[in-house]
Amino acid sequence: MTFQVTILGCSSARPTLARHHTAHVLNVHEQFFLIDCGEGTQYQLLRYGINPLKINAVFISHLHGDHVYGIFGLLSTMAMMGRQRGLTIVAPRPFGEMLGSHFGFFAVELPYPLEIKEVDAREAGVEVWGSRVFTVTTIPLRHRVPCCGYLFREREPGLNVHRHLVEGYGLDPEQIAALKQGRDTCLANGVPLTVAEATYRPYEPRSYAYCSDTTPSGKVADSVRGADLLYHESTYLHQDKALAEKTGHSTALQAARIARKADVRHLVLGHYSARYKTLDPLLEEARTEFSDTILGHDGLVLTVEKDHALKIVQI
């Protein structure tokens with residue numbers, strides 16, 4: 001029951017030798033999803049051992065180059081690797097027009113089905129992806145162009161019946177099925193056995209909120225409330241707040257304030273300006289407001305365990 005985020009790139013518009021353009025991979029129960037696709041993403045997938053053919057869908061936050069330039073090469077590489085199963089790309093308008101223009105100019109013909117789902121970046125809580133185990137909904141962001149964040153949340157798992165009760169009472173398949181469906185049952189001697197005493201949830205749903213380029217917004221805090229992991233861009237230090245406002249970005253301190261207001265478990269910083277040679281000041285600034293802050297790096301793997309504990313590994 002994996003729930004794991006791998007950061008492929010953490011830079012803003014201008015990359016550095018240590019920081020590539022924005023891209024994350026989310027692994028939910030061994031289903032893989034790419035979130036944003038800046039230049040060099042396919043290289044980073046190879047670097048960190050993630051097979052591009054495993055990607056089920058791509059979610060693009062907005063159409064600035066440092067979040068989307070990598071998709072063109074990645075789609076062609078998938079074709080050369082022999083991909084045949086379909087791929088869905090979720091993105092704000094006019095992504096489909098932009099991609100179609102690229103395909104036409106370079107005479108690209110993909111050997112696999114490609115579905116483009118364009119979203120209205122102004123609408124909150126719209127389900128843009130769903131499966132048996134989790135959903136993806138929209139988070140409107142405030143940037144210089146239409147920009148959409150995404151909330152990835154597991155569905156509530158079904159009920160399990162305590163094994164010691166199954167064995168101790170000799171429950172038959174019909175009784176077990178009733179309990180799993182949320183219906184009380186009776187033992188062979190007529191004694192009632194309730195759902196409350198006989199069942200449990202194997203885990204509470206986990207969630208990851210991805211908020212790329214945006215100025216601080218209370219509506220964002222409302223949308224991501226209680227998330228296990230909140231990735232919120234932190235392009236600048238607060239001393240450069242005026243520049244953040246001008247360019248439609250946030251400071252590390254502002255990101256931390258959103259995390260505190262939203263009562264999330266952990267905040268992950270990223271999308272750093274290349275002007276900062278060391279990132280420790282951004283982390284220190286954010287932790288003055290929200291102590292459970294993590295400095296995002298290329299190759300950082302964040303795993304939310306079933307008990308909601310966070311495991312952090314740098315690869």
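In this predicted model, the charged end of Arg-83 is placed over the ring of Tyr-112, at 5.7 Å from the ring centre.

Across the whole structure, the search returns nine aromatic pairs. One of them joins Phe-33 and Phe-134 in an edge-to-face arrangement, with 5.0 Å from centre to centre and 65 degrees between the planes. This pair brings together distant parts of the chain, since Phe-33 belongs to strand 3 (residues 31-35) and Phe-134 to strand 8 (residues 134-141), 101 residues apart. Phe-33 counts as buried because its relative accessibility is 0%, and Phe-134 is likewise buried because its relative accessibility is 0%; the cut-off for buried is under 20%. The two phenylalanines also take part in a cluster linked by ring pairs, whose other members are Phe-59, Trp-129, Tyr-150, Phe-152 and Tyr-208.

Turning to helix 11, which spans residues 280-287, the buried residues are Leu-282, Leu-283, Glu-285 and Ala-286. Viewed down the helix axis, the buried residues of helix 11 fall within an arc of 165 degrees, and therefore line one face of the helix. In general, an α-helix has 3.6 residues a turn, so residues three or four places apart point the same way. The cover over the buried residues of helix 11 includes helix 10 (252-262), together with strand 16 (266-270) and strand 17 (293-295).

Conventions: Residues numbered from 1 in each chain as written. Predicted model: local features only at pLDDT ≥ 70, side-chain atom pairs only at ≥ 80, totals over all residues. Heavy atoms only, no water. Buried < 20%, exposed > 50% of the residue type's maximum accessible area, 1.4 Å probe, protein only. Helix = DSSP H or I, 4+ residues; strand = E, 2+ residues; numbered from the N terminus. Arc of directions from axis to C-beta. Contact = heavy atoms within 4.5 Å. Phe/Tyr/Trp six-rings, centres within 6.5 Å; stacked < 30°, edge-to-face > 60°. Lys NZ or Arg CZ within 6 Å of the ring centre and 35° of its normal.
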